[in-house]
Amino acid sequence: MSKGEQIHGRLLKEGFESNQCICNALISMYSRCGNIEVAFQVFDQMEDRNVISWTSMVTGFAKHGFAARALEMFCKMLEKGTKPNKITFVAVLSACSHLGMISEGWKHVNSMYEVHGIVPRMEHYARMVDLLGWSGLLVEAMEFINSMPVMADALVWRSLLGACRAHGNTELGKHAAEMILEQEPDDPAAYILLSNLHASAGQWRDMAKIRKSMKE
């Protein structure tokens, strides 16, 4: 980070503080290093912002626990007439998940194609499953997966499995784990999550079977 700060200082001296590409790179650097307030200072001082500038800030706020600020930044982005992209919506749905904002999440995932012409990708579906699942709406999460226009991949099923473990739904969790292992047979994370799910439910025999199959 100190190296980046040195470069930032030199760029300021050279008069590049208003260069859009450089400012976007600085926002990304500070955000990734966790210095989100300095990233916002760079953003705030920009005269000309594009989708990368806005998305970097929305993503930065969402990743570092400032979900409300991420959504606020997204609203300002739309107000300024900047069209969001696929990466923007990953951050927006992540923010909704952190805050448990179910209706807001539905609004944004539906607006992707209907308003902005963006076809949702697996990352977006996974964030929506995450939002529903961690909010305790496991049946709704499963219904959402079944309604997807594409076959859910392991990322989506992992989101459901994690939520099942959190809420102690062994039956649905087992189904999610089976779907993961069907696509990625050597994935140790699915075995571990399913094993922990059985353990939390006091199903020691089932847990032992899974541990044994992992060793084999």
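This is a predicted model: local features need pLDDT of at least 70, side-chain atom pairs count only at pLDDT 80 or more; totals for chains, interfaces and linings use all residues.
**Helix H2 with helix H3**

- H2, which spans residues 20-32, packs with helix H3, residues 36-45, at an angle of about 165°, and the two axes lie 7 Å apart.
- Because angles over 145 degrees count as roughly antiparallel, H2 and H3 are roughly antiparallel to each other.
- The crossing in which H2 passes H3 is left-handed, and on the H2 side the contact is made by Cys23, Leu26, Ile27, Tyr30 and Ser31, which meet Ile36, Val38, Ala39, Val42 and Phe43 of H3.
- Sorted by class, the contact of H2 with H3 holds nine nonpolar residues and one polar residue, with no charged residues.

**Helix H9 with helix H10**

- Helix H9, residues 138-147, and helix H10, residues 154-167, pack at an angle of about 170°, with a separation of 11 Å between their axes.
- H9 and H10 are therefore also described as roughly antiparallel to each other.
- H9 contributes Leu138, Ala141, Met142 and Ile145 to the contact, while H10 contributes Val156, Trp157, Leu160, Ala163, Cys164 and His167.
- In the contact of H9 with H10, nine residues are nonpolar and one is polar, and no charged residues take part.

**Helix H11 with helix H12**

- Helix H11, residues 170-183, packs with helix H12, residues 188-200, at an angle of about 165°, and their axes are 10 Å apart.
- That angle makes H11 roughly antiparallel to H12, and the crossing of H11 and H12 is left-handed.
- From H11 the contact draws on Thr170, Gly173, Lys174, Ala177, Ile180 and Leu181, and from H12 on Ala190, Tyr191, Leu194, Leu197 and His198.
- The residues of the contact of H11 with H12 comprise seven nonpolar, three polar and one charged.

- Lys83 belongs to the loop between helix H5 (67-79) and helix H6 (86-99), and, leaving aside residues up to four places away in sequence, Lys83 touches Val51, Met77 and His116.
- Although Lys83 and His116 are 33 residues apart along the chain, their C-alpha atoms are separated by 7.4 Å.
- Val119 sits in the loop between helix H7 (102-114) and helix H8 (122-134), and, again not counting residues up to four places away in sequence, Val119 touches Lys86 and Tyr113.

**The largest pocket**

- Rolling a probe the size of a water molecule over the atoms shows where empty space is left.
- By class, the lining of the largest pocket is made up of three nonpolar, eight polar and two charged residues.

Technical notes: Residues are numbered from 1 along each chain as its sequence is written. Side-chain values use heavy atoms; hydrogens and water are left out. Helices (H or I, at least four residues) and strands (E, at least two) are DSSP runs, numbered from the N terminus. Ala, Val, Leu, Ile, Met, Phe, Trp, Tyr, Cys and Pro count as nonpolar, Asp, Glu, Lys and Arg as charged, and the others, Gly among them, as polar. Axes are lines fitted to C-alpha atoms, for helices over the stretch in contact, and angles run from 0 to 180 degrees between N-to-C directions. Angles under 35 degrees count as roughly parallel, over 145 as roughly antiparallel, 65 to 115 as roughly perpendicular and the rest as oblique. A crossing is left-handed if the near helix is turned anticlockwise from the far one by less than a right angle, and right-handed if clockwise. Contact means heavy atoms within 4.5 Å.
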